[in-house]
Amino acid sequence: MTAESSSNRVVLLRGAQKPAAPVAVQAVSVPSAPLPADKVEWLCEAVARNRFLPAPPAEKVFIGDGDFRAIGAEFLRHFITLGGLAPGESVLEIGCGIGRMAVPLTQYLTSGTYAGMDIVADGIDWCREAITPAYPNFRFEHLDLANPLYNPAGALNGGAVTLPFEFESFDFILLTSVITHLRTAEVVRYAAEMARVLRPGGRVFMSLFLMDNAARAGLAAGNGRYGFDPAARGPEYLGDPEVPNAAVAYDQRFLLDIFATQGLVPARPILHGHWSGRDGGGANFQDILVLHREAGE
Ligand SMILES: C[S@@+](CC[C@H](N)C(=O)[O-])C[C@H]1O[C@@H](n2cnc3c(N)ncnc32)[C@H](O)[C@@H]1O
C-alpha cells in the first residue's frame with residue numbers, strides 16, 4: 001500500500017474510544033546543542049552511504065517510492081538545520097511508517113530518546129525487530145486508528161485519539177508526509193495532542209501541502225502535482241476526491257490558526273516546496289513547517 005495506491009473503501013469511523021494506557025517514555029534527557037554545520041553535512045552523507053544501517057526489504061515498504069536511505073538522510077539534515085534538533089532530545093514521530101526517519105536518527109540521537117507510532121502494524125513490527133534491539137533508546141507503538149488508505153479495518157477513530165504518551169514528555173515531534181493523508185478532524189485532534197505531549201519550547205517539524213495564493217497560482221497554471229483544484233473552497237483540498245486520503249492539502253492560514261489555538265506557532269519562515277509548481281518553490285517536494293510551543297502555554 002502506498003500513498004498513491006487507490007483504495008476507496010468506505011470505513012465507518014467509530015466514536016470516541018477509551019484512551020490507550022499511557023506508555024512511560026524515558027524522556028529525562030538534557031538537550032544538548034545541535035551539531036555545527038560542517039559536521040551535519042558529514043553525518044548526513046555518512047548516513048546516506050552506510051549500507052549497514054537497517055533497511056526493510058523493498059516488498060515491505062508501503063510509504064511511497066524513492067531511495068529509503070537518501071530520503072532519511074536528507075530529512076535528518078532538515079531536522080537539525082531547520083528544526084534545531086539536538087542529540088540529547090526526546091523525539092516523538094507520529095506516522096513513523098517503516099522507520100525511514102528513525103533509522104538515520106539512530107546515528108544522531110546518541111544521548112536522546114525516540115518514540116515512533118504508526119497505524120500500520122507491519123511497519124511497527126519491522127521497526128521493533130530491526131531497530132530497537134541495536135538501539136534500545138528507540139521504541140515503537142502501534143495504534144489501530146482507521147485510515148481508508150493505510151489501515152482501512154482500524155478499530156479507532158483518529159479524530160478522537162489520545163496518544164499513549166504523558167504530558168510534556170517530548171522536545172521534538174515530527175510528521176513527515178503524514179498530514180498529507182489526514183482529514184480535518186484528525187489534524188485538529190493531533191494539534192491538541194501534540195501541544196499536550198510537547199514541552200514548552202519544544203518544536204514540531206512537519207512536511208505537508210499548504211495552499212496559499214502562490215500555490216493556487218502554480219496549480220492554476222497547470223504546473224502542480226496531483227489533482228488539487230485551486231478554485232475549490234477549502235480549507236481542506238483533496239488531490240483525488242475518489243481516494244480522499246491519498247493527498248490532502250490545507251489552506252495555510254486555516255492550518256496555522258488550528259495550531260496557534262494550541263499555542264503552537266511558527267518557529268521560522270515556512271519553506272515552500274515545489275509540489276504546487278509555485279514560483280520560487282524550493283528543492284523539497286513538500287512544504288516544511290516548523291512550529292514551537294510557546295513557553296507558558
Ligand atoms: C507517506 S507515509 C510517511 C511515513 C513516514 N512519515 C516517512 O516519511 O517515512 C504516511 C504515513 O502516515 C501514517 N498514517 C496515516 N494515518 C495516520 C494517523 N491517523 N496517525 C498516524 N499515522 C498515520 C501511515 O500509516 C504512513 O505510515
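I began with β6 and strand β8 (residues 248–251): 2 bridges join them, and they run parallel. I take strands as DSSP runs of E of at least two residues and helices as runs of H or I of at least four, numbered from the N terminus. Two strands pair if DSSP finds at least two bridges between them. Leu-210 stands opposite Tyr-250 in β8. Helix α7 (residues 252–261) packs on this sheet and touches β6 and β8. Its direction makes about 80° with that of β8. For such angles, axes are lines fitted to C-alpha atoms, for helices over the stretch in contact, and the angles run from 0 to 180 degrees between N-to-C directions. Contact means C-beta atoms, placed from the backbone, within 7 Å.

This is a predicted model, where local features need pLDDT of at least 70, side-chain atom pairs count only at pLDDT 80 or more, and totals for chains, interfaces and linings use all residues. Residues are numbered from 1 along each chain as its sequence is written.

I then took in the whole sheet: it is open, has 3 strands in the order β6-β8-β7, and its pairing is mixed. β6 (210–211) and β7 (236–238) are the edge strands, each pairing on one side only.

Next entry, the other sheet. I read an open sheet of 7 strands, ordered β3-β2-β1-β4-β5-β10-β9, with mixed pairing. β3 (138–142) and β9 (264–266) stand at the edges with a single partner strand each, so one side of each has no neighbour in the sheet. The twist from one strand to the next averages 20°.

Strand β1 (residues 90–94) runs parallel to β2 (residues 113–118), joined by 5 bridges. Glu-93 stands opposite Gly-116 in β2, and Val-91 opposite Tyr-114. β1 also pairs with β4 (residues 170–176) in the parallel sense, over 3 bridges. There the bridge partner of Val-91 is Phe-172.

Is β1 buried or exposed? 5 of its 5 residues are buried, so β1 is largely enclosed by the rest of the structure. Buried means 20 or more other C-beta atoms, placed from the backbone, within 10 Å of the residue's own; exposed means 12 or fewer, and partly exposed is in between. Ser-90, Leu-92 and Ile-94 cover one side, Val-91 and Glu-93 the other.

Helix α4 (residues 121–130) came next. Gly-123, Ile-124, Trp-126 and Cys-127 are buried in α4. Seen down the axis, they fall within an arc of 160°, so they line one face of the helix. The arc is that of the directions from the helix axis to the C-beta atoms. These buried residues pack against α3 (102–105), β2 and β3.

Last, I checked Thr-81, in helix α2 (residues 68–81). Thr-81 is partly exposed, with 15 other C-beta atoms within 10 Å. Thr-81 and Val-40 are 41 residues apart in sequence, yet 8.1 Å apart in space, C-alpha to C-alpha.

Technical notes. Two residues are in contact if their C-beta atoms, placed from the backbone, lie within 7 Å.
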